[in-house]
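Please consult the sequence and the model alongside the text.

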Amino acid sequence: MWGPKKSKKSSNKSPSASSSSLADAERREVAIGTAVAENAQADPDRPAITCGDVTITRGELDRRTNRLARAYAQLGVGQDDLVTIALPNSVEFYEASIALWKLGATPQPVSARLPRAELEAIVELANSPVVIGVDQSFEGRKSIPVGVEPDAALPDDPVPERIAASWKAPTSGGSTGRPKLILSGTRGVTQRGVGGAFSVPYDSVVLIPGPLYHNAPFQFGAVGIFRGSHVIVMPRFDAASMVELVERHSVEWTFVVPTMMSRVMRLPEAERLACDVSSLTTVWHGAAPCPPWVKEAWIDWLGPEAIWELYAGTEGQGLCIIRGDDWLAHRGSVGRPVYGRMKIVGPDGAELKTGETGEIFMLPPDRENPTYRYIGAEPKVVDGWESIGDMGWMDDEGYVYIADRRTDLILSGGANIYPAEVEAALDEHPLVVSSAVIGLPDDDLGHVVHAIVQTRGDLTREDLNVFLTERLVRYKVPRSYEFVDEPLRDDAGKVRRTQLREARVTR
């Protein structure tokens with residue numbers, strides 16, 4: 001049924017002059033699979049996705065995902081199944097997702113480098129009938145290794161149209177250190193002939209430099225595909241390569257995180273300015289606070305109208321956006337709410353005054369149709385208002401400012417790292433009495449993970465790194481350690497991470 005994947009070299013073929021404009025299409029809602037098929041019918045030879053030296057056209061993408069959908073169906077994938085995808089950034093990643101959408105199933109992306117124990121926990125939550133991108137066996141489930149192709153004898157003509165109840169189900173570690181799934185409240189459909197969607201263009205070129213298992217890169221790359229744009233996926237982010245790709249493919253739109261922005265600005269100026277990036281008219285960033293100097297540098301480089309910032313959770317209850325010129329007038333803000341409402345709440349539950357810092361609560365515009373639901377956790381809801389744990393304040397014009405994206409959450413290179421998860425892994429070591437994990441400021445990544453460890457014997461950084469590598473994905477392993485003799489938790493088992501962090505930052 002399956003065989004080795006054959007390599008296909010990329011092409012820099014320009015868009016066909018006869019390609020119909022999807023932006024001018026009739027306004028309507030269509031199934032994701034139907035959108036992919038319509039794109040292929042409009043211009044089958046136009047590039048759809050490029051990753052590294054592999055490119056696939058619209059026509060190839062439609063046919064290949066028809067065949068792949070049939071192969072997945074033979075393995076037991078059906079309507080509204082959640083299917084875990086543990087593939088690295090690749091054309092194959094989006095092929096798998098589109099094939100699942102065509103079956104009315106829901107892609108559930110995870111890091112390709114997840115340790116076995118963490119992957120097993122997520123697969124169990126999802127109850128995934130198939131795990132894509134792994135060669136390990138899972139009890140009662142089938143797995144498909146990277147690079148394996150479906151049987152060429154399977155038909156590649158259209159499959160019956162189906163629509164998933166949730167179009168995506170990204171993963172979050174959760175403040176408890178246990179994984180949770182965030183099922184989108186949006187069905188497996190896309191809109192034709194409408195704007196919005198963060199100005200992701202129709203019939204253009206979109207660059208996705210981030211990992212596809214993160215919500216924003218996955219979502220924006222997918223929307224680009226639905227809209228018929230040529231989506232360039234970087235196998236792995238590299239600052240020089242990103243700038244070169246913008247020039248080579250005349251990229252119009254991209255989404256980055258502040259760490260990427262910082263690394264681009266740290267390139268030698270002559271190297272950065274040697275590339276023609278005049279095609280790049282829209283740059284969105286989010287996922288972590290952006291250092292002012294980095295934002296200013298990008299505004300100076302590309303112009304304030306090109307730089308946009310968004311603030312929202314994967315849950316999608318509320319959204320703020322701000323353009324570069326507006327940011328210059330409200331430095332440090334993430335903008336005003338454009339979807340849903342937001343308020344700042346104090347420890348006693350009362351709404352705070354302008355300028356006072358507290359917890360950000362969001363009120364979705366349509367509570368009858370939730371934007372998400374959790375598997376593995378319960379939302380924090382008070383009188384219909386929801387919190388994802390972020391702290392901030394508002395000015396008298398309604399602009400939102402983030403004080404700390406979450407009380408204890410560590411944002412490193414755009415990735416969310418929950419201290420409780422790292423502490424739980426540390427505390428498994430027989431010589432660890434207790435531990436506290438905090439984020440320390442870092443010019444490149446925003447924050448890095450620092451572990452304070454109370455031990456009952458001789459332990460080294462190397463000992464703990466080996467131990468944790470078997471339990472945590474690489475970016476969650478602490479960059480630095482501090483060994484102490486005193487207890488890190490009080491009699492109630494509580495650890496005061498904020499005080500520990502402040503003491504070390506001050507020191």
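## Helix α9 and its end

Helix α9 (residues 292–302) has Val 294, Lys 295, Ala 297, Trp 298, Ile 299, Trp 301 and Leu 302 among its buried residues, buried meaning under 20% relative accessible area, exposed over 50% and partly exposed in between (1.4 Å probe, protein chains only). Helices (H or I, at least four residues) and strands (E, at least two) are DSSP runs, numbered from the N terminus. After α9 comes Gly 303, which has a positive phi near 100°.

## Basis of the model

The model is predicted: local features require pLDDT of at least 70 and side-chain atom pairs count only at pLDDT 80 or more, while totals for chains, interfaces and linings use all residues. Residues are numbered from 1 along each chain as its sequence is written, and side-chain values use heavy atoms, with hydrogens and water left out.

## Overall dimensions

The protein chain contains 13 helices and 31 strands. Its radius of gyration is 23 Å, close to the 23 Å that the globule rule gives for 507 residues, so the chain is as compact as a globular protein of that length. This radius is taken over C-alpha atoms, and the rule is 2.2 Å times the number of residues to the power 0.38. The C-alpha atoms fill a box of roughly 70 × 55 × 50 Å along the principal axes.

Of the 507 residues, 56% count as buried. Among contacts (heavy atoms within 4.5 Å) with a separation of 6 or more, 70% are made by residues 24 or more positions apart.

## A parallel sheet

Four strands form an open sheet in the order β6-β5-β7-β8, with parallel pairing; two strands pair if DSSP finds at least two bridges between them. Strands β6 (106–109) and β8 (142–144) stand at the edges with a single partner strand each, so one side of each has no neighbour in the sheet. On average, neighbouring strands here are turned by 25° against each other, direction ignored.

Strand β5 (residues 82–85) pairs with β6 over 4 bridges, and Val 83 has Pro 107 in β6 as its bridge partner. Helix α3 (residues 91–102) lies across β5, β6 and β7 (130–132) and runs at about 175° to β5. Axes are lines fitted to C-alpha atoms, for helices over the stretch in contact, and angles run from 0 to 180 degrees between N-to-C directions.

## Serines with positive phi

Ser 199, in the loop between β12 (189–192) and β13 (205–208), has a positive phi near 60°. Ser 199 is partly exposed, at 39% relative accessible area.
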